[in-house]
Amino acid sequence: MQKKIKFTLGFVVVAGALIAGGVWKTRQLAESPLLISQQTIYTLPAGSGRVALEQQLEAQKIIPDSFWFGWLLKAEPDLARFKAGTYRLTPGMTVRQLLQLLASGKEAQFPVRFIEGQHLTEWLKTLRDAPYLRHELKDDQLSTVAAALKLSPEDTEGWFYPDTYLYTAHMSDLSLLEKAHQRMVKEVSNVWDTRAPGLPYKDQNQLLTMASLIEKETAVSEERGIIASVFVNRLRQGMKLQTDPTVIYGLGDRYSGVLSRKDLETPTAYNTYVIAGLPPGPIAIPSIASLQAAAHPLMTSYLYFVANGRGGHTFTTNLASHNRAVQVWRTLEDKRAAEAKATGTPSGSAAGQTQDAQTPPGAQPPVTETGPAAKGQDKNTANEK
């Protein structure tokens, strides 16, 4: 009898020691850091069970091979409620924190930046390069976007709000575009309701179109309201806007990087050297600053402007003053080109390029776009209004 009691007690002690050891081992595993040394994106496929989870984590060298992983999930059931998804793991994270993250369902978010001043086709290329995004658009044509989002053609280019958007894995490109479109529609509506009285815009699309012209003309925030005033003054006086960005947009893939006289004379729906008034729709995606400038232009008498060679513009009210400002700009550009040639370095300007797009004496000088190339604006023109 005593032997039996001793055997039982011995068994209990051994079993207790084994259990205690197992508890200690599972806790040790739970508090041990992951094997990763840098941020890691881990995807848990739908339908994965405990065994599959362990195999995946071990195979990807995220956790060490351990007999106790399954014990941990049984000992702490809350850690076993993991959800399929794509997660961001960071160095120093423990196995317990990993399992808590998987149980929370808080998937990794990825940023994609839509930049003002760009065309929608450029945004679509950005989406093509975005990791983990699900692509529903079959191509990068505006007509495809319009059909997919059920937009009219005039509500496609320009009608998306520039910002940084966050998405999770397997979100669709269309969902991001839909969000950006809804934001811009709301913003344009708000600005339209608070616009200055008497502006020569028939509808919100024309307001947005004007904002896109301003966006492509300057990167200097203080000039936006003045640029807007020039365009508004021209519209009110029945003058053609003659702005190069509209010519470039109308040319599309035919634009070679330098505008010629033939380009300025080539009719397109957007060429404001040919058509009167505003083009039929936006030519780029404007910033909120340009939208506000279009809705609240400064009160000026300016009808012309030309690059001043310092990143901004010289504004004038008459043709004679404008021609003098143009000559100052050309002299400065010629000097820079000569210095660049002497030193064998690029001048960074259009001065050394063929400029056959100049207006004959006595005619109205062309309106051309300005703004640094870093802003993504497509220019290589005479930069004069």
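**Note on pockets, cores and salt bridges**

1. Just after α10, G252 takes a positive phi of about 60°. Helices (H or I, at least four residues) and strands (E, at least two) are DSSP runs, numbered from the N terminus. The model is predicted: local features need pLDDT of at least 70, side-chain atom pairs count only at pLDDT 80 or more, and totals for chains, interfaces and linings use all residues. Residues are numbered from 1 along each chain as its sequence is written, and side-chain values use heavy atoms, with hydrogens and water left out.

2. How many of the residues of α10 are buried? Eight of its eight residues are, so the helix is mostly covered (buried means under 20% relative accessible area, exposed over 50%, partly exposed in between, with a 1.4 Å probe and protein chains only). The buried residues are D244, P245, T246, V247, I248, Y249, G250 and L251. Their cover includes α6, α8 and α11; contact here means heavy atoms within 4.5 Å.

3. The largest pocket has a volume of about 430 Å³. Of the 14 residues that line this pocket, H119, T121, Y249, G252 and D253 are the closest to its centre. On a 1 Å grid over the protein atoms alone, a pocket is an open set of points with protein on both sides within 12 Å along at least five of seven lines, while a cavity is a set of points where a 1.4 Å probe fits but cannot get out; lining residues have an atom within 4 Å of a point. Grid points are joined across faces, edges and corners, and a volume is the space filled by probe spheres set on the points.

4. Both α5 (120-129) and α10 (244-251) supply at least two residues each to the lining of the largest pocket. The most comes from α5, with three residues. By class, this lining has four nonpolar, four polar and six charged residues. Ala, Val, Leu, Ile, Met, Phe, Trp, Tyr, Cys and Pro count as nonpolar, Asp, Glu, Lys and Arg as charged, and the others, Gly among them, as polar.

5. A search of the whole structure finds two cavities of 30 Å³ or more. The second largest cavity holds about 30 Å³ of space. Which residues line the second largest cavity? They are L124, L127, R128, H135, L137, D140 and D173. Here too α5 gives the most to the lining, with three residues. The classes in this lining are three nonpolar, one polar and three charged.

6. R128 and D140, both in the lining of the second largest cavity, form a salt bridge, with the closest N and O atoms 3.0 Å apart. The pair links distant parts of the chain, R128 being in helix α5 and D140 in the loop between α5 and α6, 12 residues apart. A salt bridge is a side-chain nitrogen of Lys or Arg within 4 Å of a carboxyl oxygen of Asp or Glu. R128 is partly exposed, with a relative accessible area of 31%, and D140 is partly exposed at 22%.

7. The structure holds nine salt bridges. One of them joins E265 and R261, with the closest N and O atoms 3.9 Å apart. Both residues lie in helix α11 (residues 261-265), four residues apart, about one turn of the helix. E265 is exposed, at 52% relative accessible area, whereas R261 is partly exposed at 29%. Salt bridges that share partners also join E31, E76 and R96 into one network.

8. The largest nonpolar core has 55 residues, and F160, L177, Y201 and M210 have the most contacts inside it. Its largest share, eight residues, comes from α7. A nonpolar core is a set of buried Ala, Val, Leu, Ile, Met, Phe, Trp, Tyr and Cys residues joined through side-chain atoms within 4.5 Å. Not counting residues up to four places away in sequence, Y201 touches W192, Q206, L207, M210, V232, L278 and A294. Apart from this core lies another, of 25 residues, among them L34, L73, L79 and Y87.

9. P297 lies in the loop between α12 and β5 (304-307). Is this residue buried or exposed? P297 counts as buried, at 14% relative accessibility. Not counting residues up to four places away in sequence, P297 touches L199, G225, A228, S229 and V232. The C-alpha atoms of P297 and I227 are separated by 7.9 Å, although the two residues are 70 apart along the chain.
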